[in-house]
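Please read this briefing alongside the sequence and the coordinates. It takes up the helices and a few individual residues in turn.

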Amino acid sequence: MAAASEITSTITTWTQPAAPPGTGSVPGGIVVIFTSVPGETTLKQVSSFTTVLEPDTSTVSSITSSSSGSTTNTPSTSNASISASQTTSNRPSNPTSSPPTTSTPPASPANPSLSNGATAGIAVGCAAIGLILGLIVGFLIFRRRRSRQSKAKYHAVELDGQEKPLRYPLSADKLQLDQFLLNPTPDAEISTELHSLAQLLQQHVEDHYHTSPVFQDVEALSVALVQLGLDQSGTMPASKLASLTQDPKSRYHAIQHIIARVTFSSVSFDTEPPISLLPKPVSSFVSMIPITENHRGNPEAIKAALTRWRQLSAFLLHPSRSDRTPLIPAEDASTHQAQQLALALNTFLGPFVKGDREDRFEQENHLREVMVECATFGYLIFSQPSEYRFRFEVGARPNYIVTFPGLDRIRDEEGNRYPPSTQPVVAPIVESI
């Protein structure tokens, strides 16, 4: 076997539709040349060609390559000039073809072309990756924006385990408390409750008091009324009420007025009744508030502060604050307070109660039930954000008496006073005397 040597060959570039018989072909740009030289057979390999030359004395032109060859069969020189006189193309070969041209093949093999399926697969994969990346970027942007908004807004705060979350930005002012304070009751519901109490009181008076003459001193009756909290001023002083109860024709109206006035005064925190039906902490605090100094201070500021204090007190005393419903009196405490007030009222009503001892016992029990119902309504009014006042005045009408009070809204949720007679909720019940 002869040693490998550097061989320089010159080959004419040509194309051939199909490999003729008797040739060898190596896929992927391999050219194999067989040279018929007496005494030896030489194998040459040239890159970037797929054409195989026949083992013939073909014209080899203008390609210079460096390759290592192997020589077999007979010792001979390693340098050989291979010439080819045939150029293969899409048309018949022409021995007298144009002069050969010289070209240099590329150093690296050409990339094979991709099939349609592979191209489509790459396109779909790129689209899917782009979609996934877009979703990830969009999620991160949305999360970052939401995080910024949550920092600008409130942080959810639970005060009682079941408190409703804030719906507005958290701040230190009083507006934040409105998200937790008790909800207002519609005026229609308040009006219905008050009318029911009026019917209950009227029934109580008609069922348990007589219209027979009473030989009771008017002065003694007046003193009993003053002790119940009814003063001698106004259009219906204690002395006049005592006189009306002496008259059988006006007795029922006068008794209704007295019971209603004493009872609803006991659920108002702007007065100091002898017996209060409001919660003990509320009545105790109100009794400790000093009187506003004359020509000093601001009475309206005091009223606004009391409005806010009342709202907070109703909220804090509520056993189920998260319900945001009106405050309801405890049964034991309410019954005890109502019993005390009924006993105090009977110091005046005793001479007018009809029947025997059993009837008096029934009258006392029913009066206590009336007091409990009035106390429940008083808690309802106490729980409202706005401030209300019971109205017993009838104006310049001396021959009329209020048998059951009306209800006016006098201040808004901020403690600002409404103009007079612009916010009546329920009109008073008035009877002639």
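The structure is a predicted model, and its secondary structure comes to nine helices and eight strands. Of the 433 residues in the chain, 36% are buried. When contacts between residues at least 6 apart in sequence are considered, 70% of them join residues at least 24 apart.

**Helix H5**

- Helix H5 covers residues 251–265, and its 15 residues should span 21 Å at 1.5 Å a residue, which agrees with the 21 Å that separates its end C-alpha atoms.
- This helix is mostly covered, since 12 of the 15 residues of H5 count as buried because they fall under 20% relative accessible area.
- The buried residues of H5 are Arg251, Ala254, Ile255, Gln256, His257, Ile258, Ile259, Ala260, Arg261, Val262, Thr263 and Phe264.

**Packing of H5 against H8**

- Two packed helices are described by the angle between their axes and the distance between the axes.
- For H5 and helix H8, which runs over residues 331–349, the angle is about 150° and the axes are 11 Å apart.
- Angles over 145 degrees count as roughly antiparallel, and H5 and H8 are therefore roughly antiparallel to each other.
- The crossing of these two helices, H5 and H8, is right-handed, and the contact is made by Ile255, Ile258, Ile259, Val262 and Thr263 on the H5 side and by Leu341, Leu345, Phe348 and Leu349 on the H8 side.
- Sorted by class, the residues in the contact of H5 with H8 are eight nonpolar and one polar, with no charged residues.

**Packing of H5 against H9**

- The axes of H5 and H9 come within 10 Å and cross at roughly 45°, and the two helices are therefore oblique to each other.
- H5 passes H9 in a right-handed crossing, with Ile259, Thr263 and Phe264 of H5 meeting Leu367, Met371, Cys374 and Phe377 of H9.
- By class, the contact of H5 with H9 holds six nonpolar residues and one polar residue, and no charged residues.
- Ile259 and Thr263 of H5 take part in the contact with H8, and Ile259 and Thr263 also take part in the contact with H9.

- Helix H7 covers residues 299–317, and its 19 residues should span 27 Å at 1.5 Å a residue, while its end C-alpha atoms are 26 Å apart, which agrees.
- Buried in H7 are Leu306, Thr307, Arg308, Trp309, Arg310, Gln311, Ser313, Ala314 and Phe315.
- What covers the buried residues of H7 includes helix H6 (280–288), helix H9 (357–382), strand E4 (387–391) and strand E6 (406–411).

- Ser334 is placed in helix H8 and counts as buried because its relative accessibility is 5%.
- Leaving aside neighbours within four places in sequence, Ser334 is in contact with Pro329, Val372 and Ala375, and its C-alpha atom is separated by 8.4 Å from that of Leu278, which lies 56 residues away along the chain.
- Asn346 is also placed in helix H8, and at 16% relative accessibility Asn346 counts as buried.
- With neighbours within four places in sequence left aside, the contacts of Asn346 are with Gln363, Glu364 and Leu367.

**Two residues in loops**

- Leu228 lies in the loop between helix H3 (218–227) and helix H4 (238–246), and its 10% relative accessibility means that Leu228 counts as buried.
- Beyond its neighbours within four places in sequence, Leu228 is in contact with Val262, Pro274, Ala344, Leu345 and Phe348; of these, Val262 belongs to the H5 side of the contact between H5 and H8, and Leu345 and Phe348 belong to the H8 side.
- The C-alpha atoms of Leu228 and Leu341 are separated by 9.2 Å, although these residues are 113 residues apart along the chain.
- Arg324 sits in the loop between H7 and H8 and is buried, with a relative accessible area of 11%.
- Most residues other than glycine have a negative phi.
- Phi of Arg324, by contrast, is near 55°, a positive value in a residue other than glycine.

Terms used:
Residues are numbered from 1 along each chain as its sequence is written. This is a predicted model: local features need pLDDT of at least 70, side-chain atom pairs count only at pLDDT 80 or more; totals for chains, interfaces and linings use all residues. Side-chain values use heavy atoms; hydrogens and water are left out. Helices (H or I, at least four residues) and strands (E, at least two) are DSSP runs, numbered from the N terminus. The expected span of a helix is 1.5 Å times one less than its number of residues. Buried means under 20% relative accessible area, exposed over 50%, partly exposed in between (1.4 Å probe, protein chains only). Axes are lines fitted to C-alpha atoms, for helices over the stretch in contact, and angles run from 0 to 180 degrees between N-to-C directions. Angles under 35 degrees count as roughly parallel, over 145 as roughly antiparallel, 65 to 115 as roughly perpendicular and the rest as oblique. A crossing is left-handed if the near helix is turned anticlockwise from the far one by less than a right angle, and right-handed if clockwise. Contact means heavy atoms within 4.5 Å. Ala, Val, Leu, Ile, Met, Phe, Trp, Tyr, Cys and Pro count as nonpolar, Asp, Glu, Lys and Arg as charged, and the others, Gly among them, as polar.
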